[in-house]
Amino acid sequence: MSEIFGVPFWVFAAISLVAGVLTWQLRGPETVEAAVMGDIDLFLFLVPRMLGGMLIAGLVQVVLPPEVVAKWVGAESGFRGLLIATVVGALTPGGPMTSFPIVVAFYMSGADRGALVAYITAWSLIGFQRFMIWELPLLGPEIALYRVLSVFWMPVLAGYIARRLTIWTATPPSEEGTR
Amino acid sequence: MKMPGFDISLVIIWTLVAVLAVLAWRRGEGRLQRGLRRGFEMFLVNGPRVVVALLAAGFLSYFLPKDLIAEWLGHESGWQGILIGSVVGPFFPGGPLVIFPVLVALLKAGAGLPSVFAFLTSASVWGVHRIIMFEIPMMGPRFAAARMIASLALPPLSGFMAIIVIRLLGAPAGFNP
């Protein structure tokens, strides 16, 4: 598994090394020790949560494969379409490499444009996978709850606004070849 | 010092793992094994990155100008902090691996929830590298433009919602861990 120690790992390793040396030079070794001890606590806290979060992400992908998800939004429209797109977007696991192909699939299966925007907004803003892997463990349940309460309704709003905009009409480049 | 602490988030996470494992097992065809393997692989790939990312964030938080952050992004900073968070967010590349360690460092340095929520929302819905790498190539510039306009107000709205939620529920007891 060469991905484990790929470019992102070495970039962050280099940054932390430089920052660590700077901290040692400017703040003294005690500060470095305090920072590393704090991080060890943080990792002990994080490992059981991140492992669980990633198992959830892996299991969701086999229980709810993207093809099944695409059928749900299909040609759905109206307020209900926005709501479904929001829920499905929040449940879509993975990074942009998973979600954008799904957006294109939705478009081709006739999904309304507002639903596409609601879907992308939900995936990026209240994505369940990101919530489980990053937000809940790192920010803690209270801050995570406050944030969900603040933003959960926004994908529907963005979808509604997008539906009212009139600058749509162009065909997505990824679809042109299929016509 | 908070030890690995057994709290509600741990219970929720592992209950969900159990529920999904049962669902995957009942649907058969090796789904359970595939799902678990995918999860473990994700953990193996991301785990070491997270360790070094958080290490970097931990050291960098010593160099963040705490007074300035508290003044500009603290809870008292009001609409100014929200505006700064909204404007800065889109330019952080690299997804959650970069964003969340930055958030932790900002919160440690005294940033308030309104500016932090505005920052997270703008990084999420306006993330420049994702728009350039995925959205424009796959959905076209018009779609991307329309979506960006439709989500223009979301980052500041997140900040103001944070103020409202804090007013309704009280300030959160602090962040974990």
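**View 1. The loop between α1 and α2 of chain B holds B:E29.** In this predicted model, B:E29 has a positive phi of about 55 degrees, although the residue is not a glycine. B:E29 is exposed, with 9 other C-beta atoms within 10 Å. A residue counts as exposed if 12 or fewer such atoms lie within that distance, so B:E29 falls in the exposed class.

**View 2. Helix α4 of chain B, residues 78-88, crosses α9(B).** The axes of the two helices come within 9 Å and cross at roughly 140 degrees. The crossing of α4(B) past α9(B) is right-handed. On the side of α4(B), the contact is made by B:I82, B:L83, B:G85 and B:S86. On the side of α9(B), B:P155, B:P156, B:G159 and B:F160 take part. Sorted by class, this contact has five nonpolar and three polar residues, and no charged ones.

**View 3. The buried residues of α4(B) are B:G81, B:I82, B:G85 and B:S86.** Seen down the axis of α4(B), these buried residues fall within an arc of 135 degrees, so they line one face of the helix. An α-helix has 3.6 residues a turn, so residues three or four places apart point the same way. Among the buried residues, B:I82, B:G85 and B:S86 also belong to the contact with α9(B).

**View 4. Chain B meets chain A through 79 residues, in contact with 76 residues of chain A.** Several helices of chain B each supply at least two residues of the side that touches chain A: α1 (8-27), α2 (31-60), α5 (96-108), α6 (113-125), α7 (128-139), α8 (141-150) and α9 (154-169). The largest share of this side, 23 residues, comes from α2(B). By class, the side of chain B that touches chain A has 55 nonpolar, 13 polar and 11 charged residues.

**View 5. Chain A has nine helices and zero strands.** Read along the sequence, the pattern of chain A is α-α-α-α-α-α-α-α-α. Of the 179 residues of chain A, 47% count as buried. Among contacts in chain A between residues at least 6 apart in sequence, 80% join residues at least 24 apart.

**View 6. Among the elements of chain A, helix α8 (residues 154-164) has the highest mean pLDDT and helix α9 (residues 173-176) the lowest.** The mean is 92 for α8 of chain A and 50 for α9 of chain A. Chain A averages a pLDDT of 78, and 80% of the residues score at least 70.

Conventions
Residues are numbered from 1 along each chain as its sequence is written. Chains are lettered from A and ligands numbered from 1 in the order in which they are written. This is a predicted model: local features need pLDDT of at least 70, side-chain atom pairs count only at pLDDT 80 or more; totals for chains, interfaces and linings use all residues. Two residues are in contact if their C-beta atoms, placed from the backbone, lie within 7 Å. Helices (H or I, at least four residues) and strands (E, at least two) are DSSP runs, numbered from the N terminus. Ala, Val, Leu, Ile, Met, Phe, Trp, Tyr, Cys and Pro count as nonpolar, Asp, Glu, Lys and Arg as charged, and the others, Gly among them, as polar. Axes are lines fitted to C-alpha atoms, for helices over the stretch in contact, and angles run from 0 to 180 degrees between N-to-C directions. A crossing is left-handed if the near helix is turned anticlockwise from the far one by less than a right angle, and right-handed if clockwise. pLDDT is the predictor's confidence in each residue, from 0 to 100. A residue is buried if 20 or more other C-beta atoms lie within 10 Å of its own, exposed if 12 or fewer, and partly exposed in between; C-beta atoms are placed from the backbone. The arc is that of the directions from the helix axis to the C-beta atoms.
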